[in-house]
Amino acid sequence: MEISEVATGLEVPWDLEASEEGKLWFTEVSGRLFCLDLQTLEKREILKLDDVLAKKSYGLLGMAVHPEKGYVFLHYTFGIPKNANEESVMSRLVRYDISESGLENRLILLDSLPGNTFHNGSRILIEGDLIYFSLGDVGKVDQSQSVDFLGGKIMRIGLDGSIPEDNPFPGNPVWAAGFRNSQGLTLGKNGHLYASDHGPINDDEINLIVKGGNYGWPNVAGFCDTSEESEYCTDHTVIEPLRAWTPTIATAGLEYYRSKTIPDWENSLLLATMKGRSLRVLHLNTNGDEIESEDIYLQQVFGRIRDISIGHAGEIYLSTSNRDWHPRFQPWMYEGLPEGPDRIIRLRKIPDQEQDKSLPVFSLEKEPIRLLDENWNPEVPAELTKGRNLYATHCLACHGPDGMGSEDLIPPLANTPWVTGDKGKLIRTMLKGISGEIEVNGKIFNQEMPAFAHLQDAELAEILTFIRNQFGNKASAVIPGEVFEERKGLNRQ
């Protein structure tokens with residue numbers, strides 16, 4: 001297998017599309033769309049969105065190309081100002097005509113979709129005159145199974161945005177529900193539709209998608225294998241995944257391999273993983289409704305792999321995602337991650353005698369790498385245990401295990417009056433979130449922090465007491481009554 005680099009100097013490429021012969025289209029989260037000539041390896045910038053809201057893990061996301069119709073479809077987030085320091089995140093699905101000069105005749109297919117600073121999905125898949133489109137739960141987990149809310153869904157619409165008459169819910173684009181954050185969609189034989197889905201800290205999934213199916217999130221993660229999940233599945237019709245991984249491997253791009261170029265991979269799902277830092281080959285049974293075995297390749301060779309696409313000759317393209325927010329905010333999980341810009345890698349089957357021996361060796365891995373748990377747990381006094389666990393769930397991904405944040409991105413919690421000073425201000429910050437520039441310890445930061453008003457007063461008190469007495473801090477505890485009073489005051493405004 002030949003391994004070669006076909007593009008570099010990239011910043012978080014999100015989606016790859018090799019559907020047009022001789023070309024590879026790809027997006028960057030910042031809002032740029034490119035087309036790469038696969039013979040000359042020259043890339044051309046086709047579009048730079050001027051209304052994209054690109055931060056952390058959102059911006060220009062899903063993309064699909066329809067060569068026969070001459071269309072490009074894009075999904076991206078945008079902002080609606082709420083006040084001087086806050087904005088609401090939404091997203092839209094748009095279609096462009098491909099012309100000799102670039103793209104034209106922009107048409108919005110789905111507008112003002114629910115959005116958030118996390119879990120916006122997404123992938124777009126074309127089947128003839130239909131579009132399948134995944135949107136994450138956008139943090140509204142309690143609505144993931146409601147067909148009246150588009151977050152946490154896989155949708156199905158026409159190329160013009162119309163709703164097909166044979167959709168499961170009349171006048172509704174929803175095709176299937178109950179997903180957390182699906183970032184892989186592909187069609188296999190027998191019309192099977194497959195999707196990958198990110199789990200929380202457990203149960204990443206590969207699902208076989210059926211019309212009107214409910215996949216259980218947030219009541220079920222992975223299989224119905226806990227007492228609570230079994231009880232829920234007894235009372236509700238929930239479709240379990242074909243495969244689930246705990247610890248999570250960060251399941252992302254997904255493609256069905258139908259080519260005979262690599263005979264051993266025919267009738268398999270090719271899966272890009274980010275936390276797992278690998279290419280997974282999931283061998284299907286004849287009917288395509290079971291995964292019989294899993295092979296692992298390229299572990300830790302290129303780092304986090306975000307997407308995958310298959311060319312007309314059976315070659316495979318992989319995009320890295322080593323420049324995104326995750327490695328910077330959770331560096332303890334990514335020892336040895338490749339430095340430098342993101343890139344696109346090509347795998348091609350060629351005779352062994354033509355192999356470039358200086359390139360990485362493509363071989364089957366004997367076992368998966370050890371994956372570190374995102375749920376980091378430091379040693380703390382017993383009275384701070386609840387706060388530590390809540391911090392690990394809600395705060396650690398950004399502020400880090402040592403409370404130092406991320407240089408120029410996320411402010412520290414250590415040794416700052418923002419944490420150890422006025423408790424009322426600290427509580428209001430947790431309840432309202434932050435958007436816009438703030439100064440912490442003499443440095444300017446400009447990254448959003450979501451509101452945590454959905455947490456109970458006691459939970460917020462535990463978190464704030466923990467951070468006020470951890471990371472070298474020493475300050476008085478926060479009690480639930482103080483959170484209650486601050487919340488009551490905000491509700492009156």
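Modeller: Two strands count as paired if DSSP finds at least two bridges between them. Please note that the model is a predicted one.

Biologist: What makes S6 and strand S7 (residues 71-81) a pair?

Modeller: Five bridges join S6 to S7, and the definition asks for at least two, so the two strands are paired. They run antiparallel. Tyrosine 71 in S7 is the bridge partner of histidine 66.

Biologist: Why are strand S6 (60-66) and strand S9 (102-114) called edge strands?

Modeller: Four strands form an open sheet in the order S6-S7-S8-S9, with antiparallel pairing. S6 and S9 each pair on one side only, and they are accordingly the edge strands. Neighbouring strands of this sheet are turned by 25° against each other on average, direction ignored.

Biologist: Why is alanine 250 counted as buried?

Modeller: The cut-off for buried is under 20% relative accessible area. Alanine 250 has 12% relative accessibility, so it counts as buried. Alanine 250 lies in the loop between S17 and S18 and has a positive phi of about 65° although it is not a glycine.

Biologist: Which peptide bond in that loop is cis?

Modeller: The bond joining threonine 246 and proline 247 is cis, with omega about 0°; proline 247 has its place in the loop between strand S17 (243-245) and S18. A cis peptide bond also joins tryptophan 217 and proline 218, where omega is about 10°. Proline 218 is in the loop between strand S16 (204-209) and helix H1 (227-235).

Biologist: Why is H7 described as largely enclosed by the rest of the structure?

Modeller: Nine of the twelve residues of H7 are buried, so the helix is largely enclosed. Among the buried residues are Asp457, Leu460, Phe466 and Arg468.

Biologist: How does the span of H7 compare with the expected one?

Modeller: H7 reaches 16 Å from its first C-alpha to its last, close to the 16 Å expected at 1.5 Å a residue.

Biologist: Which helices do the buried residues of H3 pack against?

Modeller: They pack against helix H4 (396-399) and helix H7 (457-468). In helix H3 (residues 385-394), the buried residues are Gly387, Arg388, Leu390, Tyr391 and Ala392.

Biologist: What makes strand S22 (residues 305-310) mostly covered?

Modeller: Six of its six residues are buried. Five bridges join S22 to strand S23 (residues 316-320), and the two run antiparallel. The bridge partner of aspartate 307 is serine 319 in S23. The hairpin of S22 and S23 has five residues between the strands, and glycine 314 in this hairpin takes a positive phi near 85°.

Biologist: Which elements give two or more residues to the lining of the second largest pocket?

Modeller: About 790 Å³ of space lies in this pocket. The elements are strand S2 (13-17), S6, strand S10 (123-127), strand S14 (184-187), strand S18 (251-257) and S22. The largest share of the lining, five residues, comes from S18. The pocket is lined by 35 residues, of which Glu17, Ser19, Leu125, Glu255 and Ile310 lie nearest its centre.

How values were computed. Residues numbered from 1 in each chain as written. Predicted model: local features only at pLDDT ≥ 70, side-chain atom pairs only at ≥ 80, totals over all residues. Heavy atoms only, no water. Buried < 20%, exposed > 50% of the residue type's maximum accessible area, 1.4 Å probe, protein only. Contact = heavy atoms within 4.5 Å. Axes fitted to C-alpha atoms, helices over the stretch in contact; angles between N-to-C directions. Expected span 1.5 Å × (residues − 1). 1 Å grid on protein atoms, 1.4 Å probe; cavity = no way out; pocket = protein on both sides within 12 Å on 5 of 7 lines; lining within 4 Å. Points joined across faces, edges and corners; volume = space filled by probe spheres on them.
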